[in-house]
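The following note collects numbered remarks on the structure shown below. They are arranged by residue and by element.

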Amino acid sequence: MFRRSLLPIVRPHPSDLPGLVYDSGVEEDGVILSGTTRLPATGETYPVRGGYLDLLGGRLGGDNVANLTNFLPGAGRGYEPLWRVRSLKLLTGEKFPNERELEIIARKVDLGRGGLYLDLGCSAGLYTRNLANSLGDAGDVVGIDISPSMLHEAARRARKTGATPSFVRADAASLPFADASMDGAVCGGTLNELGDPARVLRETRRVLRSGARLAVMGILRAQTSNGRRLQRFLSTGGIRFFTPEELEEMLDAAGFEPDPLTTNGAVFFAAGTRL
Ligand SMILES: C[S@@+](CC[C@H](N)C(=O)[O-])C[C@H]1O[C@@H](n2cnc3c(N)ncnc32)[C@H](O)[C@@H]1O
């Protein structure tokens, strides 16, 4: 699913001028459910199928083992019921339902101002569909991910709740959107999985308007020796863990004014304002 009104800001490659057009397919209330879009300047076409606009085609997008597990069949279906519903309880040691996390993210990204929000590495779309439902007519959300399995599940779950966000298969390291086209961005757990998180933050700054907010949830570097041992093992698959100082430095270097970091056990909530 992809909202037709957002096609003008889509730019499949950094060298393209933004502006896809809708050729044909199935559209309902301004949302393309399936069909073909095209970049007029090059004639290249990009399909909307399986619940998302696919800008990567045969390209994987993932660059580490952790990413590639998200491509396994069933990865999307199992992600929320098997992991996401209890992930923050396990990582913080406190009662931490998804609703509490979503409230924190909505507050930190300043959802109240409305507009267009980006969900970086949306997986099964927990943030995307909930933010879209909270926004209602006040805005829109685009979820991006590289995993077809995750995006397919994200669209299925969104439809079930009545939300109509847009989903795009794209690499966060090269965001397929025009400069200053978004009013806010969220990122739940994905920063830990990215090959080049600093580059993704710079790209995020590029697509945000001045003054827009970024809200990120992720996992901190462990403090105990057992925790560090486990994280060293996970790092071999490409997952990285951050200290509060590294997070602040990365946000600052990417062009954000960072808020003081909030932490709950192993989990951080970082946020900043796009300068
Ligand atoms: C930890 S999960 C995200 C969870 C999700 N945000 C949530 O709150 O439930 C990380 C996701 O990032 C995606 N991902 C990894 N590298 C990416 C990249 N370079 N661009 C876009 N998505 C990426 C993975 O496919 C995976 O679905």
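1. Phe269, apart from neighbours within four places in sequence, is in contact with Ile104, Lys108, Met217 and Thr262. This residue belongs to strand 13 (residues 267-274). The model is a predicted one. Phe269 has 18 other C-beta atoms within 10 Å and is therefore partly exposed, since a buried residue needs 20 or more and an exposed one has 12 or fewer. Between Phe269 and Leu33 there are 34 Å in space, C-alpha to C-alpha, and 236 residues in sequence.

2. Two residues that are not glycines deserve attention for their backbone angles: Asp110 has a positive phi of about 60 degrees, and Ser123 has a positive phi of about 50 degrees. Asp110 is placed in the loop between helix 4 (98-108) and strand 6, whereas Ser123 is placed in the loop between strand 6 and helix 5. Are these residues buried or partly exposed? Asp110 is partly exposed because 18 other C-beta atoms lie within 10 Å. Ser123 has 27 C-beta neighbours inside 10 Å and so counts as buried.

3. The largest nonpolar core contains 72 residues. Tyr117, Leu131, Val168, Met182, Ala185 and Val186 have the most contacts inside it. Strand 10 (residues 208-219) provides the largest share of this core, with 7 residues. In soluble globular proteins, nonpolar side chains tend to be buried together. For Leu131, setting aside neighbours within four places in sequence, the contacts are Ala106, Leu111, Tyr117, Val141 and Val186.

4. Helix 6 (residues 148-161) meets helix 2 (residues 75-84), with axes that come within 7 Å and cross at roughly 65 degrees. On the side of helix 2 the contact is formed by Ala75, Gly76, Arg77 and Tyr79, and on the side of helix 6 by Ser149, Met150, His152 and Glu153. These residues comprise 3 nonpolar, 3 polar and 2 charged.

5. Does the length of helix 6 agree or disagree with expectation? At 1.5 Å a residue, its 14 residues should span 20 Å, and the end C-alpha atoms are 20 Å apart, so the two agree. After helix 6 comes Gly162, with a positive phi near 85 degrees.

6. Which residues of helix 6 are buried? They are Pro148, Ser149, Met150, Leu151, Glu153, Ala154, Ala155, Arg157 and Ala158. The buried residues of this helix pack against strand 5 (52-54), helix 2, helix 5, strand 7 and strand 8 (166-169).

7. In helix 7 (residues 197-207), the buried residues are Pro197, Val200, Leu201, Glu203, Thr204, Arg205 and Val207. Their packing partners are strand 6 (115-120), strand 9 (182-188), strand 10, helix 9 (244-254), strand 11 (256-258) and strand 13. Strand 13, one of these partners, is the element that holds Phe269.

Definitions and conventions. Residues are numbered from 1 along each chain as its sequence is written. This is a predicted model: local features need pLDDT of at least 70, side-chain atom pairs count only at pLDDT 80 or more; totals for chains, interfaces and linings use all residues. Axes are lines fitted to C-alpha atoms, for helices over the stretch in contact, and angles run from 0 to 180 degrees between N-to-C directions. Helices (H or I, at least four residues) and strands (E, at least two) are DSSP runs, numbered from the N terminus. Two residues are in contact if their C-beta atoms, placed from the backbone, lie within 7 Å. Ala, Val, Leu, Ile, Met, Phe, Trp, Tyr, Cys and Pro count as nonpolar, Asp, Glu, Lys and Arg as charged, and the others, Gly among them, as polar. A nonpolar core is a set of buried Ala, Val, Leu, Ile, Met, Phe, Trp, Tyr and Cys residues joined through C-beta atoms within 7 Å. The expected span of a helix is 1.5 Å times one less than its number of residues.
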